[in-house]
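Please look through the sequence and the model shown below before reading on. The report that follows takes up a few features in turn.

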Amino acid sequence: MTFPQLPNQSQARMERPREPTPQELWAGPGGAPRKRSPWLWIGLGVGGAAAFLAVAAGVVLALVVFSPGAGVRRASEQMSADLASGNLSRAYGEFTPALKQHLSETELTSRLTELQIDPTCAADIQRADSLARAGQRPRGTAEGVLVCGSRAFDLSYRWEGDPLMLDGIRIQPR
């Protein structure tokens, strides 16, 4: 049995639509893929690395500058420079009243002269620690070596208060 042919039907066979290729499937409805830009990714990578290094350097700098021992170290280096350069009145002004009672300025001068501490001396502060706890007055200690030409001295400072005042000093030949 055959059906009658309708006037608008043609005798051609109906074909299925063509299957898309894998490239066409990946391209999506917009067409061919856009050209890749490797310089964009290189720039973003370099920028991200630079930002990371800047943040890391900032954290390290903050830890070094604002660490509890940094103030003690700076005060110790300044005290050593004042003692070596002969600026004893400035150095003596940094003493606590308790230390001033035990060590007069003339006695300090005679002891430094006896040890032959002169402007050629340079201090190397090797350890500076802050001993302050919450609710206490700031305190700290510093230890190092004072080198005067071929002579070397063990150096020890004890600091207290805000601002830091020298509460103890020890300079001994090695």
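Which side chain does Arg 174 meet in a salt bridge?

## A link from the end of the chain

In this predicted model, the side chain of Arg 174 meets that of Asp 154 in a salt bridge, with a distance of 2.9 Å from N to O. The two partners come from distant parts of the chain, since Arg 174 lies in the segment after β4 and Asp 154 belongs to strand β3, 20 residues apart. Arg 174 counts as exposed, with a relative accessibility of 64%, whereas Asp 154 is partly exposed, its relative accessible area being 25%.

## Overall layout

The protein chain contains 6 helices and 4 strands, and their order along the sequence follows the pattern α-α-α-α-α-α-β-β-β-β. Of the 174 residues in the protein chain, 24% are buried, and the accessible surface comes to about 13200 Å², with 59% of that area belonging to carbon and sulfur atoms.

Among the contacts with a separation of 6 or more, 43% are made by residues 24 or more positions apart in the protein chain.

## The largest nonpolar core

The largest nonpolar core holds 27 residues, of which Met 79, Leu 83, Phe 95, Ile 117 and Tyr 157 touch the most other members. The elements that contribute two or more residues to this core include the helices α3 (68–85), α4 (88–93) and α6 (105–114), together with the strands β1 (122–130), β2 (139–148), β3 (151–160) and β4 (165–173). Helix α3 gives the most to this core, with 5 residues.

## Other salt bridges

A search of the whole structure finds 6 salt bridges. One of them joins Arg 158 to Asp 167, with the closest N and O atoms 3.4 Å apart; Arg 158 is partly exposed at a relative accessible area of 45%, while Asp 167 counts as buried because its relative accessibility of 19% falls under the 20% cut-off.

Salt bridges that share partners also join Arg 127, Asp 129 and Glu 143 into one network.

Methods. Residues are numbered from 1 along each chain as its sequence is written. This is a predicted model: local features need pLDDT of at least 70, side-chain atom pairs count only at pLDDT 80 or more; totals for chains, interfaces and linings use all residues. Side-chain values use heavy atoms; hydrogens and water are left out. Buried means under 20% relative accessible area, exposed over 50%, partly exposed in between (1.4 Å probe, protein chains only). Contact means heavy atoms within 4.5 Å. Accessible areas come from the Shrake-Rupley method with a 1.4 Å probe; for residues, only the protein chains shown count as cover. A nonpolar core is a set of buried Ala, Val, Leu, Ile, Met, Phe, Trp, Tyr and Cys residues joined through side-chain atoms within 4.5 Å. A salt bridge is a side-chain nitrogen of Lys or Arg within 4 Å of a carboxyl oxygen of Asp or Glu.
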